[in-house]
Amino acid sequence: MRQNYAFLDENSKKEIRRKTLKAISIPGYQVPFASRELPIARGWGTGGLQLTLSLIGQADILKVIDQGSDESVNAVNIRRLIQDTTGVTDTIHTDEATLIQSRHRIPEVPLKPYQILVLQVPLPEPLRPVEPSERITKQLHADKEYSGAWLRLFEQIMRYGSITDDADYPVLVGGRYVMAPSPIPRFDNPKLEGNDGLILLGAGREKKIYAVPPYTTVTSLAFLDHPFEVESFDDVTCRESGLTGVYMDELIDETTGETYYMTNDTSYMIEEMNKEGSVK
Amino acid sequence: MKTADNVALCVRNFSKHYGDGCAYCMDEDAVLDRNICPECGTIHACSDISFDLHKGEILGIVGESGSGKSTLMKMLYFDQEASSGEYHLADFLDGDRDVLKLSSRQKRQIRNEILGMVYQNPVYGLKMEFSAISNIAEKLIASGSRNVGDMTATGDHFLGKVNIPLNRKYEPPVNFSGGMQQRVQIAKALSNYPPVLLLDEVTTGLDLSVQADVLELIKEIQRELGISMIVVSHDLAIIRMLCDRTMVMLDGSVIESGITDQILEDPQHAYTQQLVYSIL
Ligand SMILES: Nc1ncnc2c1ncn2[C@@H]1O[C@H](COP(=O)(O)OP(=O)(O)O)[C@@H](O)[C@H]1O
Ligand SMILES: [Mg+2]
Ligand SMILES: [Zn+2]
């Protein structure tokens, strides 16, 4: 049996591309689509994967990352499926890629005009924690009624003294739709705004596609007296590379028991280390 | 039509039917079996109701269970769409517009900014799992506030006013007694000083001593803030305590209305006479 290019049949890909165009025309709005079965379980990036498969052309250069790593099992599996069915070239270098599929991170290197970043989304509805009904959340978006999203943040301040959402921190897109940015760290929220490249978000299980087109304003929800803050890595240094001010993982040295930090975006770290005059 | 100077809310020919209706029951002179059409079974929950709520008054609506009181309140609060009629609010463009004709988003805005609602069952008015203070903040957020310090100060003020000890403000209402839940609901509804407050059977189901407290609170708030209120009850004794003017409803229609004292002294309709004698 001959495998279809990019696994999905042409009609499915066309439908996904049409829905993607709609998503781009209404920044931050969740467009329903007919999510297909894939040889990967739903919840393991099938939304992002369907976007990638429906967009990828033979000239594309692909990068797949999972929580900043090109080499994790998930990233490798997804990349292999895409390559097996398309034969496209892959890269770990962010700048070289034309299509980047990512889970839980936006790369440290800013997007270029020729790039599309596809983010995998488990839970696309930012109002779901306060409203279980899909019919009602749709109406709330239509009415631009986002009290529920603000209320969640307010309740965190009441309970814990500050906002505890460290990932998937809600944003307002283009001054209109409140959007779940997928579980990227707060640190990445500012990178959603004003990009040269296109960001697409896909939720396979929940059957939604949404988009942040280039040069869109994206603001993280914040109260006047509780401004939005990102995690600061200015005072820590990556043990591997000597980098500072990039998103880092906090790790524990098994032999000494000491905590140390390592750059999360590994390809960025390698590129920086290979630069002449790098710290290490 | 514009509301007169002393009118806060004005309703004309308000109707609500559950079911499609038929040629027989859509006729003004149709005789129904209580509120049900004998031909098609449509329920005429409210039929052709017209009244004005004066600024700063408490208007009572009394009637037995099923007479259409809650349906009327839900239409006023946009929880239910009216089947027909006109509705004007002095605080929305000087009462110049029929607010039933507005978009869902504008109705939402009126609900958030001009109206307050207290339901018989606190489950409809509160988020039971969120702290009491956040429940109040929800109304403030919805009416546009984005300052946590301001909102907690306002929340404390109104919780104090309804006698909720401030050391319990971080607790969720699910931990509270029925009377306390009702007081939190009242504090929430009042928190943004809406010009019109709707109260639907707010003391039904409470112990008699707690009932008296809540009624006293409502009177006090009305005296202090001069808010216009509609108070609904099946209990004429409660209406007598609170209301300047009263409407009596039966089977979806207003059968009698006027100054509360006059209705009590000289009831005209046989049904009202029966109600009055039962509390004497
Ligand atoms: N959602 C609904 N669907 C059908 N009938 C309803 C609905 N809600 C209320 N009714 C009917 O409308 C009438 C008025 O009900 P309601 O307004 O709740 O009365 P009250 O508050 O005076 O007890 C009743 O006959 C009731 O059964
Ligand atoms: Mg009722
Ligand atoms: Zn009928």
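1. First, the conventions. Residues are numbered from 1 along each chain as its sequence is written, while chains are lettered from A and ligands numbered from 1 in the order in which they are written. Because the model is predicted, local features need pLDDT of at least 70 and side-chain atom pairs count only at pLDDT 80 or more, whereas totals for chains, interfaces and linings use all residues; side-chain values use heavy atoms, with hydrogens and water left out.

2. On the interface itself: chain A brings 21 residues to the contact and chain B brings 21 residues, where contact means heavy atoms within 4.5 Å. About 1900 Å² is buried between the two chains, and carbon and sulfur atoms give 63% of that. Buried area here is the accessible area (1.4 Å probe) that two parts lose on being put together, summed over both.

3. For polar pairing, there are ten residue pairs in polar contact between chain A and chain B, with both residues at pLDDT 80 or more. A polar contact is a pair of N or O atoms within 3.5 Å; within protein, one must be able to donate a hydrogen and the other to accept it, and residues adjacent in sequence count only if both atoms are side-chain atoms.

4. Asp143(A) pairs with Arg108(B), and their closest N and O atoms are 2.6 Å apart. The rule asks for a side-chain nitrogen of Lys or Arg within 4 Å of a carboxyl oxygen of Asp or Glu.

5. Which elements give two or more residues to the side of chain A that touches chain B? They are helix H4 (134–142) and helix H5 (147–160) of chain A, and H5(A) supplies the largest share, nine residues. Helices (H or I, at least four residues) and strands (E, at least two) are DSSP runs, numbered from the N terminus.

6. Now to ligand 1. Residues around it (a heavy atom within 4 Å) include Tyr18(B), Ile43(B), Glu64(B) and Lys69(B). Oxygen atoms of ligand 1 lie 3.0 Å from a side-chain N or O atom of Asn35(B), 3.0 Å from a backbone N or O atom of Gly68(B) and 2.5 Å from a side-chain N or O atom of Thr71(B).

7. Strand E2 (43–54) and helix H1 (69–76) of chain B each give two or more residues to the shell around ligand 1. The largest share, three residues, comes from H1(B).
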